[in-house]
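Reader: Hey, I've got a structure to go through and I'm still new to this. Can we chat our way around it?

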Amino acid sequence: MKKMMLGNEAVARGLYEAGCTFVSSYPGTPSTEITQYASDYVSIYAEWATNEKVAAEAAFGASLAGARAFSGMKHVGLNVAADPVFTAAYTGVNGGLVIAVADDMGMHSSQNEQDSRHYAVASKIPMLEPSDSQECKDFTKLAFELSEKFDTPVFVRLSTRISHSLGSVEISEPAPVEPREYVKNTQKYVMTPANGRPRHAEVEKHMEELGDWCETADINSVEWGTERKIGVVSAGIAYQTAREAFGDKASYIKLGMIYPLPVAIIQELAEKVETLYVIEELDDFIETHCKKHGISVIGKAELSPLGEYTPEMLRRLAGDSVPDVTHTITVPPARPPVLCPGCPHRGVFSVLNKMKLTVTGDIGCYTLGAAKPLDAMDMCLCMGASVSSLHGLLKARPEMARRSVGVIGDSTFLHSGITGLINIVYNRSAATVLILDNSITGMTGHQPNPVSGFTLKKEAAPVVNLEVLCRGCGVERVRVVDAFDMEGLEAALKEELAADEPSVVIMRRPCALVKTFKKGSPRTVEDCKKCKACLRVGCPALYTVGELIQVDQSLCMGCGLCSKICRFGAIKEGK
Amino acid sequence: MTNIVISGVGGQGSILASRILFALYETRGDMVKVSEVHGMSQRGGSVITTVRAGKTVYSPLIPDGEGDILIALEQIEALRYLNQLKPGGTVISSIQKIPPMPVLTGAAVYPDNVFDEIRGAGFKLITIDALTLAKQAGNSKAANVVVLGAASAALGGTDAEWDAALSAAVKPQFLDLNRRAFELGKTVI
Ligand SMILES: Cc1ncc(C[n+]2csc(CCOP(=O)(O)OP(=O)(O)O)c2C)c(N)n1
């Protein structure tokens with residue numbers, strides 16, 4: 001039976017058909033839906049972990065216990081999970097262990113554009129790369145087989161256009177897989193130096209075996225074209241773009257396994273065609289492999305290491321003409337993403353902007369507070385850095401403590417902000433940290449987290465008490481402010497910034513897109529004085545007709561922020 | 001190969017529209033691929049979704065200048081992706097205007113002659129008051145399917161195929177609403 005599936009949904013189907021019973025992940029675009037879809041299968045236990053390192057370690061534990069286990073993450077998530085993953089390459093697995101890592105070429109929803117294929121080399125873990133939804137399912141199943149056969153974790157590398165494209169997938173029912181016995185084996189699983197050295201030798205050995213295996217593996221397929229002029233070596237989404245652009249005349253190798261890489265089939269193709277291209281987005285990973293084996297190819301000399309490749313770019317490379325499609329029309333104004341109407345983050349950033357504070361920011365919906373008109377962020381690096389970098393900033397410039405804050409979301413705080421906070425307490429900086437507790441992981445699509453009160457499987461869960469947690473870390477000045485109470489926040493900030501010790505202010509209010517959000521009555525405007533002060537809060541529900549402010553009744557959530565900003569009392573609660 | 005571009009603002013329902021089209025072309029025996037947008041731009045940013053159907057589809061993305069039909073759920077989002085369309089291609093656009101933040105803050109202006117520009121560039125244009133019709137159907141959220149109704153003649157497909165596609169892609173509890181929205185959309189042509 002065929003079913004329409006996103007790449008991520010097909011990976012989840014592969015988990016189900018492979019008899020995987022344990023999934024632990026942390027959300028991150030474009031990987032998130034794998035775990036969401038996996039949680040729909042009754043036979044799979046699936047959870048949102050607190051971060052990727054925790055998730056990968058949990059999956060390792062399940063594998064140790066004999067279950068087939070999985071963890072999915074975005075590219076930068078693998079940076080967080082790298083520590084356990086590198087050493088899991090040495091221990092190997094009991095039940096199959098598969099880790100999906102989704103790159104984001106073009107940076108649709110990410111802070112960098114790293115090429116995660118390098119992790120396969122660095123950690124000595126084999127990596128598969130599907131090129132459509134069907135392969136997402138098939139390769140996930142194969143990854144479990146390889147994992148158990150070669151006693152190693154296996155990566156499945158995805159990308160935005162594979163994860164988020166729909167295609168037809170032939171589905172089947174799982175063949176029964178018995179969990180493996182748990183057998184204590186300290187030499188294999190206790191990675192002391194003495195045990196690690198022989199394990200490293202094991203790794204080198206099975207990687208060599210995998211090198212042989214991939215030479216003849218049918219996931220590395222060759223397709224001969226009608227001519228012998230052009231050959232293309234490619235993988236993943238880049239293969240699809242190349243296949244379209246170079247057409248039926250060219251010959252192709254589609255690499256399903258990108259680490260280790262085969263040599264013989266590429267050599268054969270190189271001998272039979274006049275020009276051999278390597279088409280790969282981001283770095284020259286396959287190209288370097290070819291050159292190392294003396295195969296001359298054209299790759300990054302002609303193509304950019306930046307962003308996604310489009311069919312037009314490759315057509316130009318293939319020497320085809322590309323139509324000029326620029327029209328002499330008005331260039332439409334840009335439409336960047338914005339904080340939603342009713343978003344509890346908006347008031348916070350309008351206060352930070354008003355107080356002209358230096359703000360170390362973090363990653364989440366609230367990063368949108370960096371954009372105009374709120375424009376209240378000085379830095380955003382990676383998850384957790386708002387807290388830890390604020391500490392460094394204050395150590396280098398203690399005088400800035402009176403006008404600097406760190407801003408971090410609830411999920412991000414629990415992911416990796418808390419260690420930074422402990423560091424602030426331990427190493428004594430008078431930092432002020434704002435935790436924006438909207439009780440959900442907003443940016444990635446509202447995944448529950450430890451302050452939400454329920455789990456991925458929609459079961460009730462205890463709520464982590466952030467106040468108690470921060471006090472437990474040794475922060476004595478902890479207070480909670482309603483995120484819509486801008487005066488309260490301003491007063492709190494004045495006091496906490498003046499204090500010579502660490503403080504945490506928890507801004508609490510549910511995300512406007514969750515069920516528990518209480519919608520107020522939409523605002524109406526009477527006797528507008530045209531000062532436009534309210535527009536500085538950047539609410540999409542406010543607009544002007546001529547010079548007069550109007551409130552879009554279908555968008556307004558009645559949060560009242562604009563009413564508080566208006567000095568003339570012109571924006572009123574509607575009936 | 002049939003190439004359809006769906007553009008709009010994050011949250012307007014371009015994903016559902018593209019999934020209905022996936023089901024439509026699949027029931028007609030085509031291979032189909034759709035590239036969706038999830039993530040940051042769903043927070044009110046500009047989004048483009050592409051649908052490709054034919055004997056064999058490789059890339060889910062449409063090369064510039066090869067789109068047959070552009071379905072726009074918002075006016076300037078039609079203008080923004082015209083480069084995707086082939087010369088003389090068809091635009092079906094909602095007349096809804098959602099001013100983006102730079103317009104709201106006064107840093108940019110919302111162009112007032114979007115449809116003249118589209119016609120002037122040589123494209124066929126069908127416009128529809130999708131929001132009003134969606135409200136008439138029972139919920140403003142169904143504006144996406146109203147526009148699909150308006151596009152249905154250009155897209156092809158029999159009544160039975162469209163109904164099968166709606167049933168396949170829409171959650172059962174919203175099916176009647178979306179059927180009404182689709183029928184109202186069809187009335188503009
Ligand atoms: C290491 C890493 N993992 C995952 C992500 C993806 N990601 C971006 S923001 C975010 C969570 C935001 O949640 P929260 O801190 O609660 O803020 P909100 O979006 O709800 O305002 C995640 C998971 C990332 N950028 N980096």
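Reader: Okay, where is A:Pro260 placed in chain A?

Author: A:Pro260 sits in the loop between β12 (257-259) and α11 (264-272) of chain A. Helices (H or I, at least four residues) and strands (E, at least two) are DSSP runs, numbered from the N terminus. Before we go on: this is a predicted model, where local features need pLDDT of at least 70, side-chain atom pairs count only at pLDDT 80 or more, and totals for chains, interfaces and linings use all residues. Residues are numbered from 1 along each chain as its sequence is written, chains are lettered from A and ligands numbered from 1 in the order in which they are written, and side-chain values use heavy atoms, with hydrogens and water left out.

Reader: Got it. What kind of peptide bond runs from A:Tyr259 to A:Pro260, cis or trans?

Author: That bond is cis, and its omega is near -10 degrees. The peptide bond from A:Lys372 to A:Pro373 is cis too, with omega near 5 degrees. A:Pro373 belongs to the loop between β14 (358-360) and α15 (385-396) of chain A.

Reader: Why point those out?

Author: Because most peptide bonds are trans, and most residues other than glycine have a negative phi.

Reader: Then which residue has a positive phi although it is not a glycine?

Author: A:Lys356 has one, at about 55 degrees. A:Lys356 is in the loop between α14 (345-354) and β14 of chain A. Phi is also positive for A:Asp527, near 60 degrees, and A:Asp527 is in the loop between β19 (523-525) and β20 (542-545) of chain A.

Reader: Is A:Lys356 buried or exposed?

Author: A:Lys356 counts as exposed because its relative accessibility is 70%. For A:Asp527 the value is 59%, so A:Asp527 counts as exposed as well. The cut-offs: buried is under 20% relative accessible area, exposed is over 50%, and partly exposed is in between (1.4 Å probe, protein chains only).

Reader: Switching topic, how many residues of helix α10 of chain A are buried?

Author: In helix α10 (residues 236-246) of chain A, 11 of its 11 residues are buried. Among them are A:Tyr239, A:Arg243, A:Glu244 and A:Phe246. Just after α10(A) comes A:Gly247, with a positive phi of about 70 degrees.

Reader: What about A:Arg13, buried or exposed?

Author: A:Arg13 is buried, because its relative accessible area is 8%. A:Arg13 is part of helix α1 (residues 7-17) of chain A. Leaving aside neighbours within four places in sequence, A:Arg13 is in contact (heavy atoms within 4.5 Å) with A:Met5, A:Tyr41, A:Lys137, A:Ile171, A:Ser172 and A:Glu173.

Reader: And how is chain A divided into domains?

Author: Chain A has domain 1 (2-216), domain 2 (221-317), domain 3 (345-508) and domain 4 (523-573). Those bounds come from an automatic or database domain assignment. Between domain 1 and domain 2 of chain A, the C-alpha centres lie 26 Å apart. There, 33 residues of domain 1 are in contact with 26 residues of domain 2.

Reader: Which residues touch the most other members of the largest nonpolar core?

Author: They are A:Leu352, A:Leu434 and A:Leu493, in a core of 72 residues. This core draws at least three residues from each of domain 3 and domain 4 of chain A. A nonpolar core here is a set of buried Ala, Val, Leu, Ile, Met, Phe, Trp, Tyr and Cys residues joined through side-chain atoms within 4.5 Å. There's also a second, separate core of 43 residues, which includes B:Ile128, B:Ala137, B:Val147 and B:Leu155.
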